[in-house]
Amino acid sequence: MELIWLIPAFPVLGFVLLAALGRRIGDPGAGALGTLAVVGSFAASVAVALTLAQEPEGSRQVTQTLWAWIPADSFQVSFGLLADELSLMMCLFITGVGALIHVYAIGYMKGDPDYARFFTYLNLFIASMLLLVLGDNLILTFLGWEGVGACSYLLISFWFTEPANASAGKKAFVTNRIGDFGYMLGTFLVFVTFGTIDYLQIDQAAPGVSAGTATAIALLFFLAATGKSAQLPLFVWLPDAMAGPTPVSALIHAATMVTSGVFLLTRLSPILEAAGWANDLIAWVGAITALLAAGAAVAQNDIKKVLAYSTVSQLGFMFIAIGSQNYVGALFHMITHAFFKALLFLGAGAVIYSMAHEQDMRRYGQLRRYLPVTFATMFIGWLAISGIPPFSGFWSKDEILAGSFQVQPAGQLLWVAGIIAAVLTAFYMTRLMLMTFAGGTEQWRTPAAESLPEVPGDDHTDDHTDAHAGAHDDHHAHHLTPEHNPKDAPVIMLAPLVILAVFAALAGLLNLPFADQLHFLDHWVEPVLEGQSGLPSAAVQWGLALVSIVGALLGVWFSWRVYQQHRVDRAKLEQPVLAHAWYIDDSYARVAGGPGEAAFQGLADFDHEVVDGAVRGVGGVTQQAGEAVRGIQTGFVRSYAFGIGIGAVALVLFAVVRMSL
Amino acid sequence: MSGPSVLAAALQDVLIEPAPGFEVPSIDWAGIAPNLILMLGSILLLTVVSVLKRRVPSWFAPVWTISAAVAAGCAVVPLWQRFADTGPETLVGGAVGLDGFSLFATVVVCIAVVFVALLLADYLPRESLESPEWYVLVLLSASGAVTMASADDLIVLFVGLEILSVAAYVMTAMHRRRVTSQEAGLKYFVLGAFSSAFLLYGIALTYGATGSTNLAEIQAFLAGDVVTQNALLLGGLAFMLVGLGFKVGAVPFHSWAPDVYQGAPTPISGYMAGAVKLGAFAALLRVFVVAFGPAYRQEWQPLVAVLAVLSLVVGAFAAISQTNVKRMLAYSSINHAGFILLGVLAASAAGTESALFYLLAYTFMAAGSFAVVTVVGRTGEHRQSLEDYRGLASVRPGLALVFTVLLLSQAGVPLTVGFLAKLYVVTAAVESGFDWVAVVAMLTAVVSAFMYLRIVATMYFADAPEGAPALRIPAATGVALGLSVVGVLLLGIVPGPVSDWANEAVAQLVVAAP
């Protein structure tokens, strides 16, 4: 138990070593060192989790206060780690999936001039993420929250010499700032309300809080979550974040960081319980995000963009679960999603790697012949995300949908939205698989494919939508030639794929709905959660599950007809509105560029004229004061001595006057 | 009796021939070991180099100095244990206090000595000023600072102040080829003598009013039933405040500071900001908070509050209008003095702790910042203006980053020690009911942040001028820079152990055994 600190200490050590010596160790030593740090952290997590599991249920909470961090009177912030069921579960999958992705990156980043820098950031990211989940108070979590954000920006713009990558990083930064305001205001409100920012103390005090305050706190933290977890209206940064190297997309923008909003709200479940309509808002924002993002994924041609919108959509599912107070469902889906989405991203990375860094799926086709291992593993990932039983995604998605069905009011509507999003998921994932691995022809062999427009039905390049500029992921832009013969990536990249495929297939075992003994996850996290709602009766659940299986198969079948059999013209489906993700990002850009820019200009003018004017005024006064001081500061000893004498006289006079009073 | 103590007793008999009727105090040599190491280190160094002359290698003096400082720092460890076991003591006939406060202060002084020795080791050869006397004076002044911090008697305090000051005057003026250095030294000396006179006069008046120069006896006297509004006593307090206020660089007794900090050899400026300030503040805390604290607080707190506010405001605002970085740092040290005065003003245990912690923090920040100024200044220290820092980030990114961290810490940005130092003093002042002074302090922190960020912006956003000279960071300076940044960040992130230690370092007065 005393070893909790080791969990974040390993990656911190890795980061320090890599930052100091990384360049000297080089390729592949730096990668091995970075991986080792995460593996060490994973081992520590396992050890702590096993010890914790031996404790009786209900007393599996250990706080390890490392040191008093900001001891300021009544505002005490300790640098303390809280190991309980929730944080340990998070640690296990962060370090587990993280270690696999590190291994993969050893191969993927091979030969990159900034190899060591990459692993330095990656270790720092893992350390921050662990701090985020292990922190025993809101400030420490915020430190991790900002840390993962910083690493995310650094890694999105890892190949910063490409302006598009740098601007994608900036976009992520600015968008997340909005969410961070929510976090900070929420923290202030929590401190004002409860007089503490310690999770355990908040948990105890939460039942007594008024509904209005709880709602306000919940909304502020939800705003924070929409930023980090890419929900409406702040999701726009995530698709662009694909500009980063693919292992980053898998680790940060699919498996771990983007789920921190879900984690945060789960951590604050005692407050959410009292938050009334804020829960409905969370569920509906999640549902609408899931729908819109799934729609957008249908029309993307960049393989990573499909997966990015898919991630946004899947995160939407998790928020549906949070809003239905089905926290276990959210956590369950978070874990299964981490497995299958990391698998799919790494698989996509392997495809990109094999195809000379081409990311446009219209230039793939028939790759199953060339990349058998990649194909086989991604096939499992595809089954998992599409919701085909018995693969993991089915169980977790189904639990979320079942939980949403009985929300009052309008739970059925929520469920319908979820089912539609699920059907779309099956559709676009099948499309991805067919375009990449099947489809009849090897598209890259046809030279005409050279001049494909970025977005269908939108041939002219829209120059102020930088949004799509992030599409050119990978730095070393070798050209894909018609003579190219793809072959599977090296073993070091394929091994993580195989392991993840096993988990993606089997992770459903964590929480099978059939019998109470099989609800392992339920039982594990139950003590941490307040107000976990139950699920509908078994009969209803069976019915709902049947509908969702049929829906998934429908999606697969329709996709097959379009992309394999070509019975339907795909252009009719891939509308520009979808390709542009409902123009949400574009309208932000337009507002920011048009009236927004005017407003900003106005603000800037205001800033320039009034604020700066005031500052200049102050500066002027200060300058004059400075001149006056300079007048006193003559440099002559006699005038200095005179000043001291005057001061002495003043002090003595003061003392004497005081005495005579 | 063991050998050394017999020898020591014999020495004492030989050296101190007691006048008839004069009781020779027993001297606990072990108890004043850190101070002895510094003092003897200084004298021995002087002797060795006088005898061996040119045969002494150039590395000898800095290594000797650092060793002496480290040894003195290590000598604190058993004494701390002794303090923890038996509580505070007073030694040498009630003249020297052995308590947490004096021990903590000793360690900070030793840290400042290590920094200045590292910087001088590179600076002196560069300026062709190499001579071991610099190090002799550094150790001597350190001994003076430790004496001040552990004085239990006003006369001892005064002696310590003079040891410290005379060495500082000389070091300020010791750059032979820079006229500004000599001018600064002369100014410092004249004004220092002037203010010492005030201090001495204050001590005399206090003696007249209380009948003793011993702090414990003064405290006991005041605790008795006495007229608080005693003109002699109030006058004595006011004059002592003038003398010590001068040394800490508090407004309106600060006028020397910008000229002296700017004119002095840069490593010495950093040392003055660390050790000299520490000695003066330690004396201020011992005399005002401890001896005059319990019974007489209300009488001096308004005076200190005025000094604090003036220092905060003048330090912050005057710094903005400067264009010389070294002078900016000088004014900022006045602003920092204002912050530390908040800790004095609080007149509580929390205030003392916070002031000590601030002094420790400032020692790191000042040493590092002035080290950067040393490097950028190049031979002759001609490059001190803000212009010379343009584009430093592209020329020496590491150096710019180090300076940025140090400046952010001085500005009080979280995760650096500067933030916690400011937080602690402000908290202490608020707890003692000086909310308005705390508000002023925080407002001036914003003003001075502007100045610090201006330097940062110049380094990062301005282009380096054509033909900017390459800057060399010599090894020892590099070590000093590294230590200061590590200290600033480590103490900022993990303040616990050190702040806990500072918590116990509250000065206590013990009446000497008759």
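Student: How many salt bridges does the rule find across the interface of chain A and chain B?

Tutor: The rule finds 0 there. A salt bridge here is a side-chain nitrogen of Lys or Arg within 4 Å of a carboxyl oxygen of Asp or Glu. This is a predicted model, where local features need pLDDT of at least 70, side-chain atom pairs count only at pLDDT 80 or more, and totals for chains, interfaces and linings use all residues. Residues are numbered from 1 along each chain as its sequence is written, chains are lettered from A and ligands numbered from 1 in the order in which they are written, and side-chain values use heavy atoms, with hydrogens and water left out.

Student: And how many residue pairs are in polar contact across that interface?

Tutor: The rule finds 1 residue pair, both at pLDDT 80 or more. A polar contact is a pair of N or O atoms within 3.5 Å; within protein, one must be able to donate a hydrogen and the other to accept it, and residues adjacent in sequence count only if both atoms are side-chain atoms.

Student: Which elements of chain A give two or more residues to the side that touches chain B?

Tutor: Strand S1 (62-72), helix H24 (595-632) and helix H25 (637-660) of chain A. The largest share, 14 residues, comes from H25(A). Helices (H or I, at least four residues) and strands (E, at least two) are DSSP runs, numbered from the N terminus.

Student: How do the residues on that side divide?

Tutor: Into 19 nonpolar, 8 polar and 3 charged. Ala, Val, Leu, Ile, Met, Phe, Trp, Tyr, Cys and Pro count as nonpolar, Asp, Glu, Lys and Arg as charged, and the others, Gly among them, as polar.

Student: What area is buried between the two chains?

Tutor: About 3000 Å², with carbon and sulfur atoms giving 74% of it. Buried area is the accessible area (1.4 Å probe) that two parts lose on being put together, summed over both. In contact terms, 30 residues of chain A meet 44 residues of chain B. Contact means heavy atoms within 4.5 Å.

Student: Back to salt bridges. How many does the structure hold over all chains?

Tutor: 17. One of them joins the side chains of B:Asp99 and B:Arg286, at 3.1 Å, N to O.

Student: Where do those two sit?

Tutor: B:Asp99 is in the loop between strand S2 (96-98) and helix H4 (100-126) of chain B, while B:Arg286 is in helix H11 (residues 266-291) of chain B. They are 187 residues apart, so the pair links distant parts of the chain. B:Asp99 and B:Arg286 are both buried. Buried means under 20% relative accessible area, exposed over 50%, partly exposed in between (1.4 Å probe, protein chains only).

Student: What about B:Lys187 and B:Asp259?

Tutor: Their side chains meet in a salt bridge too, at 2.7 Å, N to O. B:Lys187 is in helix H7 (residues 179-210) of chain B and B:Asp259 in helix H10, 72 residues apart. Both B:Lys187 and B:Asp259 are buried. With B:Glu183 and B:Arg327, they are linked in a network of salt bridges.

Student: Is H10(B) mostly covered or mostly open?

Tutor: Mostly covered: 7 of its 8 residues (256-263) are buried. Among them are B:Trp256, B:Asp259 and B:Tyr261.

Student: Which residues does B:Gly192 touch?

Tutor: Not counting residues up to four places away in sequence, B:Tyr169, B:Lys187, B:Phe246 and B:Lys247. B:Gly192 is in helix H7 of chain B. At 0% relative accessibility, B:Gly192 counts as buried.

Student: Switching topic. How many disulfides over all chains?

Tutor: The count comes to 0. A disulfide is a pair of cysteine sulfur atoms within 2.5 Å.

Student: Last one: how many helices and strands in chain A?

Tutor: 25 helices and 2 strands. Buried residues make up 57% of its 661 residues.
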